[in-house]
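Here is a short report on one protein chain. Please look over the sequence and the fold before reading on.

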Amino acid sequence: MKRIYIFCAQGVSTSILVNCMKRYISQEGYNYEVYAYPILKINELGKYADYIFIAPQIKHDLYRVKELLPEKPIEVIDPFVYGQMNGQELVVQIVEKLGK
């Protein structure tokens with residue numbers, strides 16, 4: 001089971017995106033767990049993730065997170081994908097990078 005963590009300012013709006021992703025993951029039978037956390041938890045939880053996304057509203061934290069977790073794949077979610085709460089598109093991106 002691969003763990004995908006999405007960090008944002010508070011973890012609230014991102015939880016909507018995570019729920020959309022979970023529905024699609026379940027439909028497709030992918031072996032992923034997806035969680036949303038506030039960026040303040042990055043030091044505590046980031047080490048457990050297999051892939052980390054940063055919400056667009058905190059993209060300024062990207063370089064700090066990459067320095068903190070240099071061995072982890074980390075990227076900022078496309079603002080359009082985030083704004084549309086397009087969980088399916090985000091899962092497709094993950095599959096391209098990590099496989100099923």
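## Strands, helices and the annotated cysteine

Helices (H or I, at least four residues) and strands (E, at least two) are DSSP runs, numbered from the N terminus. By that rule, Cys8 belongs to strand β1, residues 2–8. The model is predicted.

Cys8 carries an annotation. UniProt, in an unreviewed entry, places the feature "modified residue: Phosphocysteine" at Cys8. Such annotations may be inferred rather than shown by experiment. Is Cys8 buried or exposed in the model? Its relative accessibility is 1%, so Cys8 counts as buried, since the limit is under 20%. Leaving out residues up to four places away in sequence, Cys8 touches Thr14, Tyr37, Pro38, Ile39, Ala55, Gln57 and Ile58.

## Aromatic pairs

How many aromatic pairs does a search of the whole structure find? The search finds eight. One of them joins Tyr5 and Phe7. This pair is edge-to-face, with 6.3 Å centre to centre and 70 degrees between the planes. Tyr5 is buried, with a relative accessible area of 6%. Phe7 is also buried, at 0% relative accessibility.

Tyr5, Phe7, Tyr35 and Tyr37 form one aromatic cluster.

## Helix α1

Helix α1 covers residues 13–28. After α1 comes Gly29, whose phi is positive, near 75 degrees.

The buried residues of α1 are Thr14, Leu17, Val18, Cys20, Met21, Tyr24 and Ile25. Seen down the axis of α1, they fall within an arc of 160 degrees, so they line one face of the helix. The general rule is simple: an α-helix has 3.6 residues a turn, so residues three or four places apart point the same way. The face of α1 turned away from the buried side carries exposed Arg23, Ser26 and Gln27. The buried residues of α1 pack against β1, β2, α4 (79–83) and α5.

## Met21 in α1

Met21 sits in helix α1. With a relative accessible area of 0%, Met21 is buried. Which residues does Met21 contact, leaving aside neighbours within four places in sequence? The contacts are Ile6, Val34, Gly87, Leu90, Val91 and Ile94. Met21 and Leu90 are 69 residues apart in sequence. In space, their C-alpha atoms are 7.4 Å apart.

Strand β3 spans residues 51–54. Tyr51 and Phe53 point one way from β3, Ile52 and Ile54 the other way. All four residues are buried. β3 pairs with β1 in the parallel sense, over four bridges. In that pairing, Ile4 stands opposite Tyr51 of β3. Three bridges join β3 to strand β4 (residues 74–76), and these two strands also run parallel. Ile54 has Val76 in β4 as its bridge partner.

Ile74 is in strand β4. At 9% relative accessibility, Ile74 counts as buried. Its C-alpha atom is separated by 5.7 Å from that of Phe53, a residue 21 places away along the chain. Not counting residues up to four places away in sequence, Ile74 touches Ile52, Ile54, Leu62, Val65, Lys66 and Leu69.

## Gln93 in α5

Where is Gln93? Gln93 is in helix α5, residues 87–98. Gln93 counts as buried because its relative accessibility is 16%, and buried means under 20%. Phe53 is one of the buried residues of β3.

How values were computed
Residues are numbered from 1 along each chain as its sequence is written. This is a predicted model: local features need pLDDT of at least 70, side-chain atom pairs count only at pLDDT 80 or more; totals for chains, interfaces and linings use all residues. Side-chain values use heavy atoms; hydrogens and water are left out. Buried means under 20% relative accessible area, exposed over 50%, partly exposed in between (1.4 Å probe, protein chains only). Contact means heavy atoms within 4.5 Å. Rings of Phe, Tyr and Trp (its six-membered ring) pair if their centres lie within 6.5 Å; planes under 30 degrees apart count as stacked, over 60 as edge-to-face and the rest as tilted. The expected span of a helix is 1.5 Å times one less than its number of residues. The arc is that of the directions from the helix axis to the C-beta atoms. Two strands pair if DSSP finds at least two bridges between them.
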